[in-house]
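Good morning, everyone, and thank you for making time for this. Please bring up the sequence and the model on your screens, and we will walk through them together.

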Amino acid sequence: RNTPTTITLTGAGGQIGYAALFRIAAGDMLGPDRPVRLRLLEIPQGMKSAEGAAMELADCAFPLLEGVELSDDPNVAFDGANVALLVGSRPRGPGMERGDLLAANGAIFGPQGRAIGVHAADDVRVAVVGNPANTNALIAQRNAGDVPAERFTALTRLDHNRAVGLLAAQASRPVTAIEGITIWGNHSATQYPDLSHATIDGAPAIDVVGAEWGRGPYIERVAKRGAEIIEVRDGSSVASAANAAIEHVRDWVLGTPAARDGGPAPWTSAAIHSRGEYGVPEGLISSFPVRSAGGEWQIVEGLSVDEFSRGRIDASVAELVAEREAVEELGLV
Ligand code: NDP
């Protein structure tokens, strides 16, 4: 039997946590050969709900699940973590200013970053789901001591998957016909779903759906899909967010698919540490086109960026720069 992987999930008593836990324990994230140990972190008022989830996990008798532990102390919950899924966060409340939002999240992600730096396993990989995800990831990273910056990522996989799904629907083609979509920038309304290199059955997507749609309503629809879901189901996306988190970690650990039919290997999107690629300032955690191999994300380099894309990427990255400046001014990093 393989050595178990320790997975720490924060906000484990919340909705996304509830949707993710059972799939992780069933092997959807790390595959059918990898036993898992779950460590659930909650704040005191979320503990009952996390306890309930732990009881149901026991009642599933998942063969891969070697143990579940609960804690409200990050120093305990991140002990030995190989994978950390940071879901619990402080979402923007009514009338909350950006500074208040960032300060509230600094109080969550600063201590969590420090606990990861001290207690997590040497190979720890961190994926932040809780919003504002990119900047929460930056706060955790900058508090995590000598954990390599590349180990801190934020999710744009749900945006990516939405972008694939909406393009497939528009073209009346299956999602498997689509490749080469990229989400750039911040996981926020400024994100840029980019079709310039996307293909549908190997043909340029822009030729199939038209530039007017692809560079207009499409971008807005992807960016506002979360609000659309809230309006229809009277609650935010949960299962699709959990699914995206699982796919992000799965691809990171196990690798993205190899090339088919002699074409380029498919890529996906993830917000990862910038070393200055595509003009994104170094140190920001920004979404890029990425592949994964050997347990590391690699940015797909050399894609052409036209004037329209440049403007969109720069606008979203400017928002990340402003968020970084704000958390620096607040002394959170
Ligand atoms: P959810 O489980 O539905 O969401 C958790 C976080 O994920 C939210 O901040 C949400 O931000 C974010 N998120 C990111 N992408 C998406 C998306 N596409 N769709 C929906 N949400 C997304 O929230 P709950 O309120 O049900 O649960 C949160 C839990 O976290 C609670 O149990 C709370 O006690 C816990 N918590 C734990 C902390 C800790 O462990 N230290 C700290 C703070 C909270 P947004 O709303 O902006 O979309």
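Let me begin with a question: is Asp-201 buried, partly exposed or exposed? Asp-201 is partly exposed, because its relative accessible area is 48%, and buried would mean under 20% while exposed would mean over 50%. Please keep in mind throughout that what we are looking at is a predicted model.

If you look for Asp-201 on the screen, you will find it in the loop between strand 10 (199-200) and strand 11 (203-204), and its phi is near 50°, a positive value in a residue other than glycine. Asp-234 is another residue with a positive phi, here about 60°, although it is not a glycine. Asp-234 lies in the loop between helix 10 and helix 11, and it counts as exposed because its relative accessibility is 73%.

The loop between helix 10 (225-233) and helix 11 also holds Ser-237. Ser-237 counts as buried, because its relative accessibility is 11% and the cut-off for buried is under 20%. Its side chain makes a polar contact, at 2.8 Å, with the side chain of Arg-162. If we leave aside the neighbours within four places in sequence, Ser-237 is in contact with Ile-16, Leu-158, Arg-162, Gly-226 and Ile-229.

Now for some distances to the oxygen atoms of the ligand. A polar side-chain atom of Ser-89 lies 2.5 Å from an oxygen atom of the ligand, a polar backbone atom of Gly-14 is 3.4 Å from a ligand oxygen, and a backbone N or O atom of Leu-41 lies 3.5 Å from one. The ligand on its own has 910 Å² of accessible area, and the protein covers 77% of that.

Let us stay with helix 1 for a moment. Its buried residues are Gly-17, Ala-20, Leu-21, Phe-22, Ile-24 and Ala-25. The buried residues of helix 1 pack against several elements, among them strand 1 (5-10), strand 2 (36-41), helix 2 (47-60) and helix 11 (239-254). Just after helix 1 comes Gly-27, which takes a positive phi of about 100°.

Stepping back, the protein chain is divided into domain 1 (5-154) and domain 2 (157-322), and the C-alpha centres of these two domains lie 24 Å apart. The contact between them takes 30 residues from domain 1 and 30 residues from domain 2.

You can find Pro-132 in the loop between strand 5 (125-128) and helix 5 (133-142).

Technical notes: Residues numbered from 1 in each chain as written. Predicted model: local features only at pLDDT ≥ 70, side-chain atom pairs only at ≥ 80, totals over all residues. Heavy atoms only, no water. Polar contact = N/O pair within 3.5 Å; in protein donor to acceptor, adjacent residues only side chain to side chain. Areas by Shrake-Rupley, 256 points an atom, 1.4 Å probe, with all protein chains shown as cover. Buried < 20%, exposed > 50% of the residue type's maximum accessible area, 1.4 Å probe, protein only. Helix = DSSP H or I, 4+ residues; strand = E, 2+ residues; numbered from the N terminus. Contact = heavy atoms within 4.5 Å. Domains from an automatic or database assignment.
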